Amino acid sequence: MAILSEDQTMLRDMAREWADNEAPVAAFRKTRDAAPPEGYDAALWQAQAEMGWAGVLVPEAHGGAGMGFLSLGLVLEQLGRNLVASPLAATAAATSALMLGGSQAQQAEWLPRIAAGEIVATLAIDDGPHFAPDRIATRVEAGQLTGTKAFVAEGDSATLFVVAATDGLYLVSGEQGVTRNTRKLADARSHAEIVFTDAPAQKLTEGGEQLLRQVTDRAAAATAAEMLGMAESAFAQVNDYLKQRVQFGQPLSTFQALQHRMARMFTELELMRSAVEGALEAIDAKRSDVDQAVSLAKAIAGDTLNLVSREMVQLYGGVGMTDEYDAGFYLKRARVLEAMWGNAAWHRERFAKLNGY
Amino acid sequence: MASAPEIDSATDPMATFRGEARAWLAANFPPELKGKENPMSAVDGPDEASDAERRWKAAMGDKGWGVPTWPSQYGGGGLSRAEARVLQEEMARAGAWNPIGGMGVMMFGPTLLEYGSEAQKAEHIPAIVRGEVRWCQGYSEPNAGSDLANIQTSAIDAGDHYIVNGQKTWTSGGQWADKCFALVRTDKGHKHAGISFLLIDMDAPGVETKPIRLISGQSPFCETFFADVKVAKANLVGAEGQGWEIGTRLLQHERSSLSGGGSASRLFAGTPLGQMALDYRGADDAGRLSDADLRLRIVRHEMDVRAFALTLRRAALESKSNAGPSATSSIMKNVGARITQDRAELAIEVMGMQGLGWEGEGFSEDELAQTRTWLWGKAVSIYGGSTEIQNNVIAKRILGMTEAK
Ligand SMILES: Cc1cc2nc3c(=O)[nH]c(=O)nc-3n(C[C@H](O)[C@H](O)[C@H](O)COP(=O)(O)OP(=O)(O)OC[C@H]3O[C@@H](n4cnc5c(N)ncnc54)[C@H](O)[C@@H]3O)c2cc1C
């Protein structure tokens with residue numbers, strides 16, 4: 001566990017308590033069944049905003065808490081544990097783009113509204129179904145942006161898009177020249193194809209050449225934090241289940257074949273936590289090796305959550321295959337987050353490059 | 001797999017039969033059905049069959065070639081193993097598939113042929129051969145999954161019939177099945193020796209099914225409830241108390257059919273993963289799949305598939321002498337399950353977000369099917385004896401390892 005300040009400890013405990021009391025997995029199930037057009041429970045999002053989470057990253061000058069990525073990660077981890085359908089991760093990723101690349105005027109226009117929870121913001125980076133930041137065809141001419149972005153998280157409700165074009169990142173508000181086509185994925189969360197047709201766009205002029213990379217690294221780190229919460233909770237649920245389920249006259253947890261698998265997963269989880277917290281801390285410390293720290297975190301998070309989510313279904317046995325149990329929710333959400341902002345293979349490849357081999 | 005187009009009677013000892021099979025397929029397999037097989041038909045509900053599908057099924061049913069090695073006296077194909085292999089090759093060559101399937105073919109039929117009375121075989125086998133009766137498996141109960149011998153559903157002797165009470169679960173296709181082969185308890189005093197193997201009509205009064213929804217969104221299996229169900233004693237297979245022996249024999253058939261047998265060809269069907277990856281991910285300047293890590297994992301999988309195919313063939317050759325499935329069916333089932341799941345995981349990774357579609361716009365039919373295949377595939381390491389249970393079998397029965405006391 002990272003060393004937390006008093007504020008961070010409070011934030012984490014509050015988020016954990018809130019998620020367990022107000023937004024258990026049963027709440028996600030309800031939202032999934034009700035299928036609201038925005039893809040999340042608006043009242044729950046309102047509650048999150050009131051607790052200040054939308055503004056965790058936003059500097060105090062713009063109405064936020066200015067707490068940084070480790071703090072954001074603590075909250076996302078708690079949301080991930082219970083699969084809370086929340087636009088927080090997407091909004092935070094867009095927030096970091098504004099903070100790194102926005103002019104003072106742009107920051108002043110958008111950050112206070114984000115901090116207040118008035119708007120949902122998101123990144124619109126990939127033109128296709130894979131993370132490929134080096135293959136972007138979206139263009140801007142005379143301040144008008146044209147292109148199609150596939151699988152934009154929270155695209156159904158976002159009113160501010162941070163869009164990757166051939167020559168940098170742009171802000172596009174959801175009003176003009178924007179068509180949303182909902183894409184229903186296995187995780188039952190909001191994803192949409194967004195078609196921009198001559199949409200008025202403002203460039204993010206700060207941050208230089210590295211802006212896109214820095215922003216997607218922050219999105220990846222935030223995603224890894226959510227994955228950490230999911231893996232942790234999936235593991236805890238299996239562990240409980242094995243202690244209760246009796247076969248051959250004894251709890252499944254007495255079988256050594258299963259004990260060793262649980263022990264292995266527990267070990268992997270420890271590595272995952274260190275890697276994820278390491279990335280968040282590297283971002284907050286503005287270290288020069290943020291990219292390596294993020295690739296390490298996202299690759300390990302991807303592999304570990306993949307393992308834990310598969311084992312969860314397998315070790316629950318038949319009931320794990322049923323919609324009535326929650327194991328399937330973790331499995332389905334896991335693969336979506338694994339694919340977002342570069343999967344384990346992508347990040348291993350980049351890690352190799354960064355290390356010169 | 002496919003043989004040369006010309007049949008050479010000088011070099012092919014099976015030339016005569018091969019010619020016969022080829023001619024029959026040309027005359028009877030409707031070409032519009034090429035490659036149209038639904039791999040989930042064994043568990044899916046009965047869907048609307050096309051005219052051609054009905055004709056094809058009737059032709060195969062009459063000929064008995066859906067179950068080529070079953071005895072012809074009950075309508076089976078009566079072919080030797082070698083002939084059956086040739087038939088399979090010729091079917092693959094013609095793009096034809098077997099319309100006769102389900103649990104009757106995979107598990108119940110072979111078991112009944114071994115243990116059933118003459119009257120039972122005459123009653124049930126011909127209907128399975130023609131694919132006219134759907135069977136379901138009434139084994140698992142809420143507290144008897146891996147520990148199958150713990151079943152509690154009771155069958156009480158009432159003279160010429162039994163009265164059955166209890167609950168089964170995970171009954172695949174239960175809501176569509178006509179009949180159920182079930183393990184029931186006829187004696188509470190003995191765990192294994194108190195179990196009997198009973199055939200139950202699913203439309204008998206007192207039988208009720210309640211579908212269970214899966215993580216893939218499908219509902220192909222049920223909870224099944226029995227309340228004072230009357231079952232004639234003529235439907236007891238083998239002797240009272242012989243159910244455990246018969247039931248585990250059936251599980252061996254289940255394992256071998258799940259791992260290889262009919263479905264092995266399916267592992268090689270469809271677009272090869274490497275090609276699929278090139279289509280979705282693109283190549284580098286040298287024409288290699290651009291993602292090196294993925295490329296090597298696909299290769300590892302393809303090598304597994306080939307080693308598995310070779311192992312299946314070797315096992316088939318080696319077991320020529322002994323008739324039924326053996327303990328190696330546990331190994332085969334585990335490898336088959338692993339390969340099936342690896343392929344599905346790799347396929348959705350290759351497709352990216354496009355491979356995680358649930359429904360609605362933006363996905364091709366194949367892509368949506370891939371999501372379901374991936375999720376459904378998580379079951380293959382659970383049903384029919386889970387991977388862990390097979391490993392226990394391997395350790396104990398093959399390796400002679402015993403538990404700590
Ligand atoms: C899609 C599907 C279809 C099915 N169809 C049918 C059907 O048609 N008819 C029918 O009767 N049943 C059917 N089943 C039930 C299936 O046979 C059982 O689910 C299976 O036997 C496992 O039992 P369980 O679900 O109770 O899991 P449990 O026995 O509770 O096992 C839970 C986990 O613990 C592991 N485990 C259990 N015991 C041990 C041990 N001693 N050592 C190590 N690990 C252990 C298991 O491998 C599993 O991973 C189906 C199941 C599925 C998923």
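This is a predicted model: local features need pLDDT of at least 70, side-chain atom pairs count only at pLDDT 80 or more; totals for chains, interfaces and linings use all residues.
Author: Residues are numbered from 1 along each chain as its sequence is written, chains are lettered from A and ligands numbered from 1 in the order in which they are written, and side-chain values use heavy atoms, without hydrogens and water.

Reader: Why is B:Leu399 called exposed?

Author: Exposed means over 50% relative accessible area, buried under 20%, and partly exposed in between (1.4 Å probe, protein chains only). B:Leu399 has 55%, so the residue counts as exposed. B:Leu399 lies in the segment after helix 12 (387-398) of chain B; helices (H or I, at least four residues) and strands (E, at least two) are DSSP runs, numbered from the N terminus.

Reader: What makes B:Asp147 buried, and what does B:Lys191 form with B:Asp147?

Author: The relative accessible area of B:Asp147 is 4%, so B:Asp147 is buried. B:Lys191 forms a salt bridge with B:Asp147, a term for a side-chain nitrogen of Lys or Arg within 4 Å of a carboxyl oxygen of Asp or Glu. Here the closest N and O atoms are 3.3 Å apart. The pair links distant parts of the chain, 44 residues apart: B:Lys191 is in the loop between strand 4 (179-185) and strand 5 (195-201) of chain B, and B:Asp147 in the loop between strand 1 (135-138) and strand 2 (154-157). B:Lys191, at 38%, counts as partly exposed.

Reader: How do you know that B:Glu32 forms a salt bridge with B:Arg55?

Author: The closest N and O atoms of B:Glu32 and B:Arg55 are 3.9 Å apart, so the pair falls within the 4 Å limit. B:Glu32, at 47%, is partly exposed, and B:Arg55, at 48%, counts as partly exposed. A search of the whole structure finds 50 salt bridges over all chains.

Reader: What makes the pair A:Gln314 and B:Glu388 a polar contact?

Author: A polar contact is a pair of N or O atoms within 3.5 Å; within protein, one must be able to donate a hydrogen and the other to accept it, and residues adjacent in sequence count only if both atoms are side-chain atoms. The side chains of A:Gln314 and B:Glu388 make such a contact at 2.9 Å. A:Gln314 is in helix 9 (residues 290-316) of chain A and is buried at 10%.

Reader: What is B:Asn334 in contact with, leaving aside its neighbours within four places in sequence?

Author: Contact means heavy atoms within 4.5 Å; on that basis B:Asn334 is in contact with B:Thr387, B:Gln390, B:Asn391 and B:Ile394. The backbone oxygen of B:Thr387 lies 3.4 Å from a polar atom of the B:Asn334 side chain.
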